[in-house]
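Q: Got a model to go through with you. Can we start with the terms and then walk the fold?

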Amino acid sequence: MKDNGNIYINQILKNNNICAIQETKFKDINHLERFQFHLQHAYGQNNYFLAVNDPRTKPNGVILDGDSMYNRSAGVSMVFDNNVLGFNSLQHISEFDIPYRYMVVKTQWNDVPVYFHNVYAPVDRQHRAQFY
């Protein structure tokens, strides 16, 4: 999300019920909070669900080994609007996260569990083989 993501929200997210985003490009928790402010303005309070897997957005600002605040090419997130079936049951299953690369969001459709996966696989063939 470059800057605060306001244009991205209005041109992309608002036209879809579910969006899986790759290369979130959040630089820190403040950047994420600005993005959430614009989501709330666009959707209304409690009318969207945001799940993020980007260690740079954690309160302590943890950066993984080999990462840099200037390397903002990784990170995944998912945004759901309140028209999604099972909206009130959405939950980010963070124990399955692979930092910057993979996340799972779960909900229920009637009594059936439904899982949404967001995978940002490495481009390099060697790294991709290690990833899978």
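A: Terms it is. Two strands pair if DSSP finds at least two bridges between them. Helices (H or I, at least four residues) and strands (E, at least two) are DSSP runs, numbered from the N terminus. This is a predicted model, where local features need pLDDT of at least 70 and side-chain atom pairs count only at pLDDT 80 or more, while totals for chains, interfaces and linings use all residues. Residues are numbered from 1 along each chain as its sequence is written, and side-chain values use heavy atoms, with hydrogens and water left out.

Q: Which elements does the protein have, in what order from the N terminus?

A: The protein has three helices and six strands. From the N terminus the order is α-β-α-β-β-β-β-β-α.

Q: Where is confidence lowest, and where is it highest?

A: Helix α3 (residues 125–131) is lowest, with a mean of 71. Strand β4 (residues 91–92) is highest, at 98. The mean pLDDT (the predictor's confidence in each residue, from 0 to 100) is 84 for the protein, and 83% of its residues reach 70 or more. Where pLDDT is low, the predicted coordinates should not be read in detail.

Q: On to pairing. How many bridges join β2 to β3?

A: Six, between strand β2 (residues 48–53) and β3, and the two run antiparallel. N53 has V76 as its bridge partner in β3.

Q: And how many join β1 to β3?

A: Five bridges, with strand β1 (residues 18–22) also antiparallel to β3. There, I21 stands opposite S77 in β3.

Q: Is β3 mostly covered or mostly open?

A: Mostly covered. Strand β3 spans residues 76–81, and six of its six residues are buried. Buried means under 20% relative accessible area, exposed over 50%, and partly exposed in between (1.4 Å probe, protein chains only).

Q: Which β3 residues point which way?

A: V76, M78 and F80 point one way, S77, V79 and D81 the other, and all are buried. In a regular strand the side chains alternate between the two faces of the sheet.

Q: New topic. What is the strand order in the open sheet?

A: It has three strands in the order β4-β5-β6, with antiparallel pairing. β4 and β6 stand at the edges with a single partner strand each, so one side of each has no neighbour in the sheet. β5 and β6 share eight bridges. K106 stands opposite Y115 in β6.

Q: Core next. Which residues touch the most other members of the largest nonpolar core?

A: F49, M78, F80, L90, M103, V105 and F116, out of 15 residues in that core. β2, β3, β5 (102–109) and β6 each give two or more residues to this core. The largest share, three residues, comes from β3. A nonpolar core here is a set of buried Ala, Val, Leu, Ile, Met, Phe, Trp, Tyr and Cys residues joined through side-chain atoms within 4.5 Å. Apart from this core lies another, of 13 residues, among them L13, F26, L32 and F35.

Q: What does M78 touch?

A: Not counting residues up to four places away in sequence, M78 touches C19, A20, F49, L50, A51, M103, V104, V105, F116, H117 and N118. Contact means heavy atoms within 4.5 Å.

Q: How many aromatic pairs are there?

A: Five. F80 and F116 form an edge-to-face pair, 5.1 Å centre to centre with 70° between the planes. F80 lies in strand β3 and F116 in strand β6 (residues 112–119), so the pair ties together parts 36 residues apart in sequence. The rule: rings of Phe, Tyr and Trp (its six-membered ring) pair if their centres lie within 6.5 Å; planes under 30 degrees apart count as stacked, over 60 as edge-to-face and the rest as tilted.

Q: Are F80 and F116 buried or exposed?

A: F80 counts as buried because its relative accessibility is 0%. F116 is buried as well, at 17%.

Q: Which residues do ring pairs link into a cluster?

A: F49, F80, W109 and F116.

Q: Which rings have a charged end sitting over them?

A: Y43 has the charged end of K14 over its ring, 4.7 Å from the centre. Y120 has that of R101, also at 4.7 Å. The test is NZ of Lys or CZ of Arg within 6 Å of the ring centre and within 35 degrees of the ring normal.
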